[in-house]
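Here are some notes to read alongside the model, written for someone new to looking at protein structures. Please keep the sequence and the 3D view open while going through the points.

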Amino acid sequence: MLSLMSQPTESRSQRAARRAGEFPPAPEPLPRPVLDSHTHLDITVSEVGVPGAGDAADPVTAAIDVATAVGVDRLVQVGVDVESSRWGADVADRHPAVLATVALHPNEAPRLADLDAALREIESLAARDRVRGVGETGMDFFRTGDDGRAAQEESFRAHIAIAKRYAKTLVIHDRDAHADVLRILDDEGAPDTVVMHCFSGDAQFAAECVRRGYLLSFAGTVTFASAGSLREAAALTPLDQILVETDAPYLTPMPYRGRPNASYLIPLTVRALADATGADLDDLCAAISATGERAFGPWH
């Protein structure tokens with residue numbers, strides 16, 4: 001998630017107004033089903049709604065149905081605080097197409113009066129069966145200044161320990177903090193599976209992550225005209241270390257940048273990745289699906 005917890009912060013109504021607009025049309029379906037490895041259904045539903053849902057009694061079901069229609073049949077709902085983590089764990093229990101991850105976002109940690117208590121809540125949720133990951137956690141030097149970095153690092157190290165204790169995938173938020181993220185992972189010893197959410201590094205950083213066996217999850221940013229370095233990073237990443245995500249409702253892929261994002265737009269990013277990597281689209285979809293199952297599954 002691209003945190004909006006800077007100072008001064010936007011209100012929820014201001015954020016909703018900024019992202020106001022119609023959802024883009026559905027893209028051409030993919031030849032094989034894939035997953036959305038990182039989405040925020042709670043934020044999407046509450047702030048921008050669901051494409052084609054109208055007054056649907058269950059907007060989560062509506063979001064799943066719209067995504068499934070274009071070949072995105074599995075979702076990973078990602079927590080950013082105790083409330084959203086609990087919400088995601090409950091949704092995953094009710095919806096077979098959804099699995100959850102739980103965490104305190106890096107920009108949340110410095111804001112908490114009792115970080116230890118919040119971490120205990122996250123650990124309790126991490127024990128649940130359909131919670132398959134711990135994240136998004138990590139370091140964010142863009143939104144949090146020097147005075148908050150000690151709390152970020154303390155929280156990150158605690159999340160790494162939780163992921164290892166419960167054998168869960170670790171989902172990393174890394175913004176302008178590549179070296180420190182790797183340093184802390186090396187210090188603590190990474191869990192068996194690490195996902196670099198919304199990968200934002202260059203080819204050199206990608207090579208470091210690939211060498212360590214981490215999975216690189218590419219978002220709609222890889223479609224942006226200015227993102228040549230991301231496409232170079234994707235090109236050197238083995239297909240079995242690639243995931244794809246929306247980070248919805250953020251980071252809508254081109255040509256719809258600035259409009260609301262949702263899981264049904266994943267095919268736009270997958271096709272951009274096929275172009276960047278030179279992979280056959282069918283083969284890429286199969287690889288993404290298998291990697292998602294390895295990292296988070298099985299869903300059913």
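What percentage of the 300 residues of the protein count as buried?

1. The answer is 57%, where buried means under 20% relative accessible area and exposed means over 50%, with partly exposed in between (1.4 Å probe, protein chains only). This is a predicted model, in which local features need pLDDT of at least 70 and side-chain atom pairs count only at pLDDT 80 or more, while totals for chains, interfaces and linings use all residues. Residues are numbered from 1 along each chain as its sequence is written, and side-chain values use heavy atoms, with hydrogens and water left out.

2. The protein has 11 helices and 8 strands, which are DSSP runs numbered from the N terminus (helices: H or I, at least four residues; strands: E, at least two). Along its principal axes, the C-alpha trace spans about 45 × 45 × 40 Å.

3. Helix α8 covers residues 203-211, and within it Phe 205, Ala 206, Cys 209 and Val 210 are buried. These residues lie on the same side of α8, because they cover an arc of only 140° around the axis, the arc being that of the directions from the helix axis to the C-beta atoms. Gln 204 and Arg 211, on the other side of α8, are exposed.

4. The buried residues of α8 pack against β5 (169-175), α7 (178-188), β6 (194-196), β7 (215-218) and α9 (228-236), contact meaning heavy atoms within 4.5 Å.

5. Just after α8, Gly 213 takes a positive phi of about 85°.
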